[in-house]
Amino acid sequence: MILVAATRVFAERGYERATTNQIADKAGVSIGSLYQYFPHKAALAAALELEHLDVVGAALIELARRMRAEQVTLAMWVTRFVRAVLAHNDEPHHATLYGVVPRMPEVQARVTALVDALAAELAPLVAGRGATVRARLAIVAAIVLVHELALHSPRRERAAILREIEAMIIGYLGPAPRRHRASSRSG
C-alpha cells in the first residue's frame with residue numbers, strides 16, 4: 001500500500017518534489033506508520049528499485065535462459081534483450097527514479113549480481129578472448145542506453161534508436177579485433 005502510493009506520488013510530482021507526507025496521505029496511513037517501515041524518502045525509492053529489480057531481473061534471466069535453450073544467434077540475443085529492457089522499464093515511476101535517486105548499496109549489489117548473471121548467459125556467444133568482460137560491458141551499455149536514450153525519446157523515434165543500440169552492441173561483440181604487434185622496422 002505504501003509503495004503503491006509512493007509510485008503514484010513520484011510519478012505525479014517527481015522524486016524531488018514528492019514528500020513523505022504526501023505519500024503517507026495517498027497511502028491512507030499516518031506519517032509515523034510510514035516512517036516505521038521507511039525512515040526517509042530515499043528508503044522508499046530504494047524499496048521501489050529493489051522491487052523493480054526483482055521483477056525485471058527474473059524476467060531478463062528467464063529470457064536469457066530461453067534464448068540459450070533456443071540457441072539463438074548473437075544478433076538475435078542482443079535484439080531480444082535490448083527490446084526486453086525497454087519493455088520492462090517503460091513505466092513513469094521508473095523513469096522518475098532512474099538516475100535521480102542515489103543508488104543505495106543493496107540496490108547496487110542487486111544490479112551487479114543481475115549484470116553478472118546476464119553476462120554469464122551472453123558470454124558463450126561472444127567471440128574472442130575477454131568474452132565475459134565484453135559481455136558485461138554490453139549488458140551495461142544496453143541497459144544504460146535504453147534508460148538514457150530510448151526511454152526519453154519520442155515513441156516515433158524509438159524503433160530507430162533501438163536498432164542503432166542493437167547494431168552498436170552487436171558490432172562490439174562480434175569477432176574480437178586482432179591485436180597487431182608494433183613493428184620494429186625503422187622508417
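Let me begin with leucine 74: setting aside neighbours within four places in sequence, leucine 74 is in contact with Leu122, Leu125, Ile170, Leu173 and Gly174, contact meaning heavy atoms within 4.5 Å. The model is a predicted one, in which local features need pLDDT of at least 70 and side-chain atom pairs count only at pLDDT 80 or more, while totals for chains, interfaces and linings use all residues. Residues are numbered from 1 along each chain as its sequence is written, and side-chain values use heavy atoms, with hydrogens and water left out.

Leucine 74 belongs to helix α5; helices here are DSSP runs of H or I with at least four residues, numbered from the N terminus. With a relative accessibility of 15%, leucine 74 counts as buried. The terms are as follows: buried is under 20% relative accessible area, exposed is over 50%, and partly exposed is in between, with a 1.4 Å probe and protein chains only. Leucine 173, one of its contacts, is 99 residues away along the chain, yet the two C-alpha atoms are separated by 8.1 Å.

Let us stay with α5. Its 16 residues reach 23 Å from first C-alpha to last, close to the 22 Å expected at 1.5 Å a residue; the expected span is 1.5 Å times one less than the number of residues. Which residues of α5 are buried? They are Leu74, Trp77, Val78, Phe81, Val82, Ala84, Val85, Leu86 and Asn89.

I turn to the aromatic residues. The count comes to 2 aromatic pairs, where rings of Phe, Tyr and Trp (its six-membered ring) pair if their centres lie within 6.5 Å, and planes under 30 degrees apart are stacked, over 60 edge-to-face and the rest tilted. Phenylalanine 10 and tyrosine 15 form a tilted pair, 5.3 Å centre to centre with 45° between the planes. In the pair of tryptophan 77 and phenylalanine 81, the ring centres are 5.2 Å apart and the planes lie at 25°, so this pair is stacked. Tryptophan 77 and phenylalanine 81 both sit in α5, 4 residues apart, about one turn of the helix. An α-helix has 3.6 residues a turn, so residues three or four places apart point the same way.

Phenylalanine 10 is buried at 0% relative accessibility, and tyrosine 15 is buried at 9%. Lysine 41 lies over the face of tyrosine 15, 4.4 Å from the ring centre. Elsewhere, the charged end of arginine 134 sits over the ring of tyrosine 172, 5.5 Å from its centre. The criterion is NZ of Lys or CZ of Arg within 6 Å of the ring centre and within 35 degrees of the ring normal.

Next, a glutamate in helix α9, at position 166. Is glutamate 166 buried or exposed? Glutamate 166 is buried, with a relative accessible area of 5%. Its side chain and that of arginine 83 are joined by a polar contact of 2.7 Å. Such a contact is a pair of N or O atoms within 3.5 Å; within protein, one must be able to donate a hydrogen and the other to accept it, and residues adjacent in sequence count only if both atoms are side-chain atoms. Beyond four places in sequence, glutamate 166 is in contact with Val78, Thr79, Val82 and Arg83.

Finally, helix α7. The buried residues of α7 include Val107, Val111, Leu114 and Leu122. The buried residues of α7 pack against α4 (41-70), α5 (74-89), α8 (131-150) and α9 (155-173). On the other side of α7, Pro105 and Ala120 are exposed.

Terms used: Helix = DSSP H or I, 4+ residues; strand = E, 2+ residues; numbered from the N terminus.
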